[in-house]
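Q: Hi! I've got a structure here that I'd like to talk through with you. Shall we look at it together?

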Amino acid sequence: MILPCIDIHTHDKSRKDAIINIYPHEQLIDGAYHSVGIHPWHTSNVTTITIENLKALSVNSQVVAIGETGLDALKGASIEKQIEIFKFHISLSEQVKKPLIIHCVKAFNEIITIKKQLKPSMPWIIHGFRGKPQLAQQLLNNGFYISLGEKFNPETASIIPIDRLLFETDESTLDINKIIDSINNNCIL
Ligand SMILES: [Zn+2]
């Protein structure tokens with residue numbers, strides 16, 4: 001998969017060479033790459049306007065990925081509602097042929113099951129992954145890409161093949177190269 005930036009996910013709008021996440025009501029930043037989606041935490045009152053904005057932004061050439069979207073068992077709307085909104089992002093991702101950036105908290109079984117059912121053609125990236133190697137292996141076996149940020153499990157970092165591994169700053173204030181260095185140096189080889 002080719003994404004145009006080393007830092008595949010940030011909320012910091014001043015970052016350069018990063019995919020800056022925006023929400024459907026926000027404006028694109030000149031010259032920047034973006035991902036756009038409804039965060040699982042914001043799934044309680046999704047309006048038609050939000051959906052229309054999301055659709056319109058998804059086809060823009062500055063938008064290179066759909067998300068972050070996903071499932072969070074601890075926050076946001078009911079899991080049923082979240083699944084419905086997640087599935088909308090999946091169909092959008094397939095329609096506009098852009099990868100999906102996924103936020104997942106305590107709902108990995110659901111996400112893996114949905115992927116098996118829908119067999120999407122676009123890459124699915126689990127962002128900010130902090131899980132153990134066993135879970136990472138399960139995700140890798142199911143074709144997922146895994147993105148690591150400031151906080152990660154070193155043992156997990158050492159088992160992700162380089163062609164499935166991505167990096168991100170997310171909410172961190174560190175430079176992306178610092179994060180990549182720490183992932184490289186903390187790897188248990
Ligand atoms: Zn994020």
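Q: Let's start at helix 6: what covers its buried residues?
A: The cover includes strand 1 (7–10), strand 2 (18–22), strand 7 (145–148), helix 5 (154–159) and strand 8 (165–167). Contact here means that the C-beta atoms of two residues, placed from the backbone, lie within 7 Å. Helices (H or I, at least four residues) and strands (E, at least two) are DSSP runs, numbered from the N terminus.

Q: Before I go on, what kind of model is it?
A: This is a predicted model, where local features need pLDDT of at least 70, side-chain atom pairs count only at pLDDT 80 or more, and totals for chains, interfaces and linings use all residues. Residues are numbered from 1 along each chain as its sequence is written.

Q: Thanks! Which residues of helix 6 are buried?
A: In helix 6 (residues 176–186), they are I176, I179 and I183. They sit on the same side of helix 6, because they cover an arc of only 60° around the axis; that arc is taken from the directions from the helix axis to the C-beta atoms. "Buried" means 20 or more other C-beta atoms within 10 Å of the residue's own, "exposed" means 12 or fewer, and "partly exposed" is in between, with C-beta atoms placed from the backbone.

Q: And which residues are exposed on the other side?
A: N177, D181, N184 and N185 are exposed there.

Q: Switching topic: where is N153, and what does it touch?
A: N153 lies in the loop between strand 7 and helix 5. Not counting residues up to four places away in sequence, N153 touches R130, G131 and K132. N153 and P133 are 20 residues apart in sequence, yet 7.9 Å apart in space, C-alpha to C-alpha.

Q: How many residues does the largest nonpolar core have?
A: That core has 44 residues, and I19, L100, I102, C104, I125, I126 and I146 have the most contacts inside it. A nonpolar core is a set of buried Ala, Val, Leu, Ile, Met, Phe, Trp, Tyr and Cys residues joined through C-beta atoms within 7 Å.

Q: What is C104 in contact with?
A: Leaving aside neighbours within four places in sequence, C104 is in contact with G70, L71, I111 and I126.

Q: Last one: how many helices and strands are there?
A: The protein chain has six helices and eight strands, in the order β-β-β-α-β-α-β-α-β-α-β-α-β-α along the sequence.
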